[in-house]
Amino acid sequence: MSFENTVAVISGGASGLGLGVAKRIVDQGGKAAILDLNAEQGEAIAAQAPEQLLFIQTDISNEAQVDAAVDKAAEHFGKVNLAVGCAGILGAGRVISKKGPMPADYFQKVVNINLVGSFLLTRAAARHMQNNDPVNNERGVIIHTASIAAFEGQLGQVAYSATKSAIVGMMLPLAREFARSGIRCMAIAPGTFDTQMMAQVPDEIRQQLAAEIPFPPRFGDADEFASLVQHINENQMLNGTVIRIDGAQRMR
Ligand SMILES: NC(=O)c1ccc[n+]([C@@H]2O[C@H](COP(=O)([O-])OP(=O)(O)OC[C@H]3O[C@@H](n4cnc5c(N)ncnc54)[C@H](O)[C@@H]3O)[C@@H](O)[C@H]2O)c1
């Protein structure tokens, strides 16, 4: 099995891990809508495979925009049978820093993009998937990106870790709810992957993170993440939980 019959919606697909998934789907003959804020990057990527990729500028934290984007993807490609949530922001910062307490609206912004955005993509995708003709009793797969910060968040990751552990927490109730529709829900918790997001991290912290990875002693590549997305899509027994992909990294 491959992504040949896949029609995906990928949030955050204009960069990093989401882009890795889009590329793998295209290489295998599948189709994908890229839902991302970054129109310049998104349009340029979609232009490379116009038959297979559609860019839809979307703020993943906006309910109406996410619903409209997934509707548009389903109309354009005829169905949606895979949703991959990769849109996210770091949202680093101490609760009490030299500048004073972290503003509530900063914390809420991280929650709105990372967590509410994952919920909105789930909702919009499942609404379409439930009407798909079943293949091997299955109508769709929903995969979200958590982080190993869901389990061992570092100092300065209160907001980020809160959203990532909440994504993990959604998986079992989602799997239970969607079981009768034949829709599976999984989360992936990456360690450190070399993407635009990681490029924002100061060199000193990048080096510290790299030193924490037992094997392979390097950052992950987006296609290694995409390969796990593909496996989850193919393996029906994976449902309602989270898989770490981290080279045994445990953040300190
Ligand atoms: N790179 C890592 O080491 C790593 C590790 C663990 C988890 N993650 C998670 O993986 C996901 C992807 O991260 P990445 O490393 O590929 O980062 P990235 O910055 O390369 O890509 C993230 C994408 O999300 C988009 N985005 C941001 N806010 C958005 C919004 N409101 N609406 C729509 N799109 C939005 C950005 O434009 C960007 O294209 C994130 O959820 C991140 O938290 C990354």
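Visitor: What classes of residue make up the lining of the largest cavity?

Guide: This is a predicted model. In it, the lining of the largest cavity has six nonpolar, six polar and one charged residues.

Visitor: What makes this space a cavity?

Guide: A cavity is a set of points where a 1.4 Å probe fits but cannot get out. The structure holds one such cavity of 30 Å³ or more. About 60 Å³ of space lies in the largest cavity.

Visitor: Which residues and elements line the largest cavity?

Guide: There are 13 lining residues, and Ser11, Gly85, Cys86, Ala87 and Ser118 lie nearest the centre. Helix H4, strand S7 (140–145) and helix H6 each give two or more residues to this lining. H4 gives the most, with four residues.

Visitor: Which elements supply at least two residues of the lining of the largest pocket?

Guide: Helices H1 (16–27), H4 (104–129), H6 (158–178), H7 (196–199) and H8 (203–211) do, and strand S2 (31–36) does too. By class, the lining has 24 nonpolar, 20 polar and five charged residues.

Visitor: Why is Val110 called buried?

Guide: Buried means under 20% relative accessible area. Val110 is at 1%, so Val110 counts as buried. This residue lies in helix H4. Beyond its sequence neighbours up to four places away, Val110 touches Ile89, Gly91, Leu115, Ala159, Tyr160 and Thr163.

Visitor: How far apart are Val110 and Gly88?

Guide: They are 22 residues apart in sequence and 8.1 Å apart in space, C-alpha to C-alpha.

Visitor: Gln154 is in a loop. Why does Gln154 count as buried?

Guide: The loop is the one between helix H5 (149–152) and H6. The cut-off for buried is under 20%. Gln154 has 14% relative accessibility, so Gln154 counts as buried. Leaving out residues up to four places away in sequence, Gln154 touches Gln208, Leu209, Glu212, Met251 and Arg252.

Visitor: How do you know that the length of helix H3 agrees with its residue count?

Guide: Helix H3 (residues 63–77) has 15 residues. At 1.5 Å a residue, they should span 21 Å. The end C-alpha atoms are 21 Å apart, so the two values agree.

Visitor: What puts the buried residues of H3 on the same side?

Guide: The buried residues are Val66, Asp67, Ala69, Val70, Ala73, Ala74 and Phe77. They cover an arc of only 165° around the axis, so they sit on the same side of H3. An α-helix has 3.6 residues a turn, so residues three or four places apart point the same way.

Visitor: What lies on each side of H3?

Guide: The buried residues pack against strand S1 (7–11), S2, strand S3 (53–57) and H4. On the other side of H3, Ala64 and Glu75 are exposed.

Visitor: Why is Asp71 called partly exposed?

Guide: Partly exposed lies between under 20% for buried and over 50% for exposed. Asp71 has a relative accessible area of 30%, so Asp71 is partly exposed. Asp71 lies in helix H3. Leaving aside neighbours within four places in sequence, Asp71 is in contact with Arg127 and His128.

Visitor: What makes the phi of Asn137 worth a look?

Guide: Most residues other than glycine have a negative phi. Asn137 has a positive phi, near 70°, and is not a glycine. Asn137 is in the loop between H4 and S7. The cut-off for exposed is over 50%. At 66% relative accessibility, Asn137 therefore counts as exposed.

Visitor: What about the phi of Ala248?

Guide: Phi of Ala248 is also positive, about 70°, although Ala248 is not a glycine. Ala248 is found in the segment after strand S9 (242–245). At 43% relative accessibility, Ala248 counts as partly exposed.

Visitor: How do you know that the bond joining Phe215 and Pro216 is cis?

Guide: Omega is about 0° for this bond, and the bond is a cis peptide bond. Most peptide bonds are trans. Pro216 is in the loop between H8 and helix H9 (222–234).

Conventions
Residues numbered from 1 in each chain as written. Predicted model: local features only at pLDDT ≥ 70, side-chain atom pairs only at ≥ 80, totals over all residues. Heavy atoms only, no water. Nonpolar A, V, L, I, M, F, W, Y, C, P; charged D, E, K, R; others polar. Expected span 1.5 Å × (residues − 1). Buried < 20%, exposed > 50% of the residue type's maximum accessible area, 1.4 Å probe, protein only. Arc of directions from axis to C-beta. Contact = heavy atoms within 4.5 Å. 1 Å grid on protein atoms, 1.4 Å probe; cavity = no way out; pocket = protein on both sides within 12 Å on 5 of 7 lines; lining within 4 Å. Points joined across faces, edges and corners; volume = space filled by probe spheres on them.
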